[in-house]
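Subject: Structure for you to look at

Hi there,

Here is the structure I promised to pass on, with the sequence alongside. Have a look when you get a moment, and then read on for my notes.

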Amino acid sequence: MTESIVLVTGGNRGIGLECCRQLAARGAKVMMGARDVERGERARRSLGDLAASVRVEQLATDDPASIAACSQRLTRDPARLDVLINNAAIYDSADAPATSLPLPVLIRTFATNVHGPLLLTQALLPLLRASSRGRIINLSSGMGQLSGMGTGSAAYRLSKTTLNGFTATLAAELAPDHIAVNSVCPGWVKTDMGGAGASREVAQGADTPVWLAIEAAQELTGRFWRDRAEIPW
C-alpha cells in the first residue's frame, strides 16, 4: 500500500497542526491547508524532521475562489487524495444565545464551519472517489450534539449541528463509492479557541481524527466519535 495523501484544513495551528504532525509520523504525505502561506511554512518548519512529509497549501475555507484554486492545484499535483480532514473552524467573539444572536455572526460562522467543508468536499470528490480508501473527517464538537444541547454560543452550536447533519447525509450518499465519512468531537482542547483552561491536550484532540484517517476500518462511516468511541448525535 502506498502512503496516504491527506489534506488538513486549518493545519497550521492547534488540532490541525497536531494532526499534521501525527499523520506525518505515521508515514502519510500531508497537505497543510493554511490561509496565510508564510504562517503555514513557519508551522511546517516547527515539525522538525517531519516537515519533509508536509506541503503547505494556501486555503481559506470561507473563500470559494481559494477552495477552487486549491482543488485545481491538488488535481495537478499530487493528482491524488485519500483523506480530507475538515478541521478549519471559527468561534466568533460576538457569538450569543439564540434569543439575541446577531444574524451577521451566524453568517460568518457558517461561512467557515459549514459552507467551507461542503464546498471543499464537493471540489475534491473526484480525487476522493478515485482513491481505494477515500475518507472524510469533519471536526465537530459536543456543543453541536442534539442529545445534549446547552445554552449560549448559538452560532457555533448550530454550525456544528449542521456539520454533523452534513456528515450523515454525505455518508449515505457516498456509501456506493465506499468513501467513509465521519464526525469527531475532539473535546475541550488547549488551543487558541479552547483556551489555556481547557481540560485536554492537543495531542488528545488530534488522536481520533488521525485514527479515522489512516487506521480505522474503511467500513466505519456515518458516525460521531470521541476518543475512538462512537457517541450520540
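Predicted model: local features only at pLDDT ≥ 70, side-chain atom pairs only at ≥ 80, totals over all residues.

Eight strands form an open sheet in the order 3-2-1-4-5-6-7-8, and their pairing is mixed. At the edges you will find strand 3 (54–58) and strand 8 (229–230), each of which pairs on one side only. Strand 8 runs antiparallel to strand 7 (residues 223–226), and two bridges join them. If you want a place to look there, tryptophan 225 stands opposite glutamate 230 of strand 8.

Further into the order, strand 4 and strand 5 are paired in the parallel sense, with four bridges between them. Here valine 83 has arginine 135 in strand 5 as its bridge partner.

How many residues of strand 5 are buried? The count is five of the five, so strand 5 is largely enclosed by the rest of the structure. Cover comes on both faces: Arg135, Ile137 and Leu139 are buried on one side, and Ile136 and Asn138 are buried on the other.

Helix 4 lies across strand 1, strand 4 (83–86) and strand 5 (135–139), and its direction is at about 175° to strand 4. Helix 3 also packs on the sheet, where it touches strand 1 (5–8), strand 2 (29–34) and strand 3. The direction of helix 3 makes about 140° with that of strand 3.

How do these two helices sit against each other? The axes of helix 3 (residues 64–76) and helix 4 (residues 103–130) come within 10 Å and cross at roughly 20°. Angles under 35 degrees count as roughly parallel, and helix 3 and helix 4 are therefore roughly parallel to each other. The crossing of helix 3 past helix 4 is right-handed.

On the helix 3 side, the residues that meet helix 4 are Pro64, Ile67, Ser71, Leu74 and Thr75. Their counterparts in helix 4 are Gly116, Leu119, Leu120, Ala123, Leu124 and Leu127. Sorted by class, this contact between helix 3 and helix 4 has eight nonpolar residues, three polar ones and no charged ones.

Glutamate 18 belongs to helix 1 (residues 14–25). Is glutamate 18 buried or exposed? Its relative accessible area is 11%, and because buried means under 20%, glutamate 18 counts as buried. Leaving aside neighbours within four places in sequence, glutamate 18 is in contact with Val202, Ala203 and Ala206.

Glutamine 204 is in helix 6 (residues 202–214). With a relative accessible area of 37%, glutamine 204 is partly exposed.

Serine 53 sits in the loop between helix 2 (37–45) and strand 3. Serine 53 is partly exposed as well, with a relative accessible area of 28%. Which residues does serine 53 touch, not counting those up to four places away in sequence? They are Ala24, Ala28, Lys29 and Val30. From serine 53 to alanine 28 the C-alpha to C-alpha separation is 7.2 Å, while in sequence they are 25 residues apart.

Happy to talk any of this through once you have had a look.

Best wishes

Definitions and conventions:
Residues numbered from 1 in each chain as written. Heavy atoms only, no water. Axes fitted to C-alpha atoms, helices over the stretch in contact; angles between N-to-C directions. Parallel < 35°, antiparallel > 145°, perpendicular 65-115°, else oblique. Left-handed = near helix turned anticlockwise from the far one by under 90°. Contact = heavy atoms within 4.5 Å. Nonpolar A, V, L, I, M, F, W, Y, C, P; charged D, E, K, R; others polar. Pairing = 2+ DSSP bridges. Buried < 20%, exposed > 50% of the residue type's maximum accessible area, 1.4 Å probe, protein only.
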